[in-house]
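Please keep the sequence and the three-dimensional view at hand while reading.

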Amino acid sequence: MSGEVGAKPMKMRVGVDLVRVQEIERSLSCFGDRFLRRLFTEGEVAYATAAPGRTAERLAARFAAKEAVKKALGAAADGAPWRHIEVRRGPGGHPEIMLHGPAQEAASAAGISEFSISLSHDGDYAIAMVAAACRGDER
Amino acid sequence: MKDKIRAILKEHGRLSKDVKDIGDKDDLLAAGLTSHANVNVMLALENEFEIEFPDSMLKRESFESIAAICASIEKVRDGQA
């Protein structure tokens with residue numbers, strides 16, 4: 001599969017997470033700005049709050065994305081601050097993952113240079129799935 | 001301290017079993033604590049005990065049981081975190 005003698009075979013890493021939108025609403029109600037500042041970057045908050053009727057579902061999808069990335073990265077990402085896993089909108093409007101700090105280090109150690117991500121939300125739930133090819137060590 | 005922690009778990013933990021049936025060293029993940037509920041529990045603990053968990057303590061082991069939460073709070077209070 002690798003095409004090179006001695007090269008490590010490529011492996012797939014995947015992660016998925018499901019979040020209840022109502023629970024995000026509850027977090028916002030109970031903890032307000034502290035919840036936002038702890039989990040989300042300024043860019044993520046700006047995007048989510050740009051659509052007042054959809055803030056909770058957008059935040060729910062982004063939180064699900066962060067947890068999905070952590071699952072894909074495995075134990076090496078345990079404890080990585082949520083803000084260090086950022087969901088951005090790419091040029092075409094599709095979501096992209098940008099890693100910082102410990103999360104970036106965990107990805108580099110696993111040989112991951114890029115995640116593919118898909119988000120969805122419908123009514124009560126938001127879901128995120130991520131996938132990445134890696135050439136690193138076992139997690 | 002443990003009584004306050006149990007009250008917070010009851011309110012925010014959304015556990016699959018009654019908090020009174022969870023031992024101090026029982027695995028909270030096994031008791032149904034999800035990643036999102038863990039965030040709410042953490043924020044509530046910070047409110048209750050007037051602390052802030054540093055990034056270095058955001059690991060699963062810091063909140064894996066009632067006893068672990070106690071130790072984490074004391075560690076932050078003692079300035080060891």
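The points below treat confidence, then chain A, then chain B.

The structure is a predicted model. In chain A, an open sheet of three strands is described together with a helix that lies across its strands. In chain B, the axes of helix α1 and helix α3 come within 10 Å.

**Confidence in chain A**

- The mean pLDDT of chain A is 89, and 91% of its residues score at least 70.
- Among the elements of chain A, helix α2 (residues 42–49) has the highest mean pLDDT, 96.
- The lowest mean pLDDT among these elements, 89, belongs to helix α4 (residues 101–109) of chain A.

**The three-stranded sheet of chain A**

- The strands of this open sheet follow the order β1-β5-β4 in chain A, and their pairing is antiparallel.
- The edges are formed by β1 (11–20) and β4 (116–122) of chain A, each of which pairs on one side only.
- On average, neighbouring strands of the sheet are turned by 10° against each other, with direction ignored.
- Strand β1(A) and strand β5 (residues 125–134) of chain A run antiparallel and are joined by 10 bridges.
- A:R13 has A:A132 as its bridge partner in β5(A).
- As a general point, side chains in a regular strand alternate between the two faces of the sheet.
- Helix α3 (residues 55–73) of chain A lies across β1, β4 and β5 of chain A, and it runs at about 145° to β1(A).

**The hairpin of chain A**

- Strand β2 (residues 85–89) and strand β3 (residues 95–99) of chain A pair in the antiparallel sense, with five bridges between them.
- Opposite A:V87 stands A:I97 in β3(A).
- Likewise, A:R89 has A:P95 of β3(A) opposite.
- Five residues lie between the strands of the hairpin of β2(A) and β3(A), where A:G93 takes a positive phi near 90°.

**Helices α2 and α3 of chain A**

- The axes of α2(A) and α3(A) are 8 Å apart, and the two helices pack at an angle of about 145°.
- On the side of α2(A), the contact is made by A:E44, A:Y47, A:A48 and A:T49.
- On the side of α3(A), the contributing residues are A:T55, A:R58, A:L59, A:R62 and A:K66.
- By class, this contact of α2(A) with α3(A) comprises three nonpolar, two polar and four charged residues.
- A:T55 belongs to helix α3 of chain A, and it touches A:A48 and A:T49 when residues up to four places away in sequence are not counted.
- A:T55 counts as buried because its relative accessibility is 14%, which is below the cut-off of 20%.

**Helices α1 and α3 of chain B**

- Helix α1 (residues 2–12) and helix α3 (residues 66–77) of chain B have axes that cross at roughly 115°.
- This crossing of α1(B) and α3(B) is right-handed.
- From α1(B), the contact involves B:K2, B:I5, B:R6 and B:L9, while α3(B) supplies B:I66, B:I69, B:C70 and B:I73.
- The residues of this contact of α1(B) with α3(B) divide into six nonpolar and two charged, with no polar residue.
- B:I66 is placed in helix α3 of chain B, and its relative accessible area of 0% makes it buried.
- Not counting residues up to four places away in sequence, B:I66 touches B:K2, B:I5, B:R6, B:L9, B:I22, B:G23, B:D24 and B:L28.
- B:I66 and B:A7 are 59 residues apart along the chain, and their C-alpha atoms are separated by 11 Å.

**Positive phi angles in the loops of chain B**

- B:R14 is not a glycine, yet it has a positive phi of about 50°.
- B:R14 is located in the loop between α1 and α2 (35–49) of chain B.
- The relative accessible area of B:R14 is 47%, so this residue is partly exposed.
- B:E50, although not a glycine, has a positive phi of about 55°.
- The loop between α2 and α3 of chain B holds B:E50.
- B:E50 is exposed because its relative accessible area is 75%, which is over the cut-off of 50%.

Note on methods: Residues are numbered from 1 along each chain as its sequence is written. Chains are lettered from A and ligands numbered from 1 in the order in which they are written. This is a predicted model: local features need pLDDT of at least 70, side-chain atom pairs count only at pLDDT 80 or more; totals for chains, interfaces and linings use all residues. Side-chain values use heavy atoms; hydrogens and water are left out. Axes are lines fitted to C-alpha atoms, for helices over the stretch in contact, and angles run from 0 to 180 degrees between N-to-C directions. Helices (H or I, at least four residues) and strands (E, at least two) are DSSP runs, numbered from the N terminus. A crossing is left-handed if the near helix is turned anticlockwise from the far one by less than a right angle, and right-handed if clockwise. Contact means heavy atoms within 4.5 Å. Ala, Val, Leu, Ile, Met, Phe, Trp, Tyr, Cys and Pro count as nonpolar, Asp, Glu, Lys and Arg as charged, and the others, Gly among them, as polar. Two strands pair if DSSP finds at least two bridges between them. Buried means under 20% relative accessible area, exposed over 50%, partly exposed in between (1.4 Å probe, protein chains only). pLDDT is the predictor's confidence in each residue, from 0 to 100.
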